[in-house]
Amino acid sequence: MHDIRAIRETPEPYVKGWDAKGLSGADLVAQITALDATLRTAQTGWQTAQAERNDASKKIGAAKAAKDEAEAARLMAQVDALKAKLESDSEAEKAAGQALNALLAGLPNIPAADVPLGEDEHANVEVRRWGEPFAIANPKDHSTLGEGLGLLDFEAAARMSGARFAVLKGELARLERALGQFMLDFQTTEHGYTEVSPPLLVNDAAAYGTDKLPKFADDLFQTTDGRWLIPTAEVPLTSLVMGQIVAQEELPLRYTALTPCFRSEAGASGKDTRGMIRQHQFYKVELVSIVEPDKSDEEHERMVGCAEAILKRLELPFRTMLLCTGDMGFGAKKTYDLEVWLPSEDRYREISSCSNCGDFQARRMDARTKAAGEKGTRFVHTLNGSGLAVGRTLVALMENYQDEDGRIAIPQALHPYLKGLTHIGGKAA
């Protein structure tokens, strides 16, 4: 959500910001200010009419006490007329308020000043690169590897659930579990995140507060009682401060969770239909930070480093990309993507996205902070990132650690979680 006062008083950053997102910033600001003016006029009219009605009501008693029936009748007629105006102004205020809120709720966050301009991923900027791509002759993709080992079954998953699901078996299922536990342990012990086991179903308020509703309702799964399956643990973790005033001394709050995530992939028709890159259900370790407004830029860099550290520990080559205005998510003011090397595709693919949302989500969920001794409150800043997507990390491990016989070596960092297992599978079929 956006600060209507800021749009009213300093519209230029919003015009520029929405233009950078491919929208008509000037037209949007004009619509917003017109609705805002209508709303404020209705509010002022209602307040004036209410004051006049109260004054006339008091005078009715005085007129009757003075036995001035004509004046009393005139005042009563005035009260009736003012009642009709109050109802009219109230309806106008309600209509303008709903229209203004609906418009603001559908508008994306404003990009930070240092975000590169661009329409799509081709304008993203590489910030740094770590590790050299593995030299693998004729690499197999993860689907071929997993199916060849008899540990990955897409056909069985399709029979019971449809497309974009997978069944993992045996050592591969163990490796997936180990990856999730390693990531969770690493972020809690090495980086100080607090582990949380959150609900997997949330209400409208939580989904709206984290900018998933109303714009992305089609990307979510909804239960028959109106709750939403979480598309990421960002939703419940950030919602821990929904409607709260957090003491400034308690910040930053850093949360992490390993949860299944559920996405309809409504807009992904024809994309990554084979394999585990894009699925309806997957595991992910999420990182969420709640910080003071002037600390979010610093926290953003820290969060990216926490996600990068997982890939470094697993010795997976990756690069860090600063996303351009046209490729950023709806709620982000600045986003870094981590892209891991996939030998079968001979390119880097996204494995983590870390975003600074500023006060965008905090305004939607009314999450504030207050310093000791001060009366006023400020909206917190919220950040979220993958630390990491477990399924995509598993894909990267399978492809980068394969050998010519189809076996998959296990990185040293995961050995403690697998009780001596150093490779998966024998010779592939």
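In which hand does helix α7 pass helix α10? The crossing of α7 with α10 is right-handed, the near helix being turned clockwise from the far one by less than a right angle. This is a predicted model, in which local features need pLDDT of at least 70 and side-chain atom pairs count only at pLDDT 80 or more, while totals for chains, interfaces and linings use all residues. Residues are numbered from 1 along each chain as its sequence is written, and side-chain values use heavy atoms, without hydrogens and water.

**The sheet**
- An open sheet of mixed pairing is formed by eight strands, in the order β1-β10-β11-β12-β15-β9-β8-β4.
- Strands (E, at least two residues) and helices (H or I, at least four) are DSSP runs numbered from the N terminus; two strands pair if DSSP finds at least two bridges between them.
- β1 (125–130) and β4 (194–195) each have a single partner strand, so one side of each lacks a neighbour in the sheet.
- β9 (residues 281–291) pairs with β15 (residues 381–389) in the antiparallel sense over seven bridges, and S289 stands opposite L383 in β15.

**Helices on the sheet**
- Helix α7 (residues 170–189) packs on the sheet and touches β4, β8 (253–262), β9 and β15; contact means heavy atoms within 4.5 Å.
- Helix α10 (residues 296–313) runs at about 5 degrees to β15, with angles taken from 0 to 180 degrees between N-to-C directions of axes fitted to C-alpha atoms, for helices over the stretch in contact.

**The helix pair**
- The axes of α7 and α10 are 11 Å apart, at an angle of about 130 degrees.
- The contact involves F182, M183, F186 and Q187 of α7, together with C306, A307, A309, I310 and R313 of α10.
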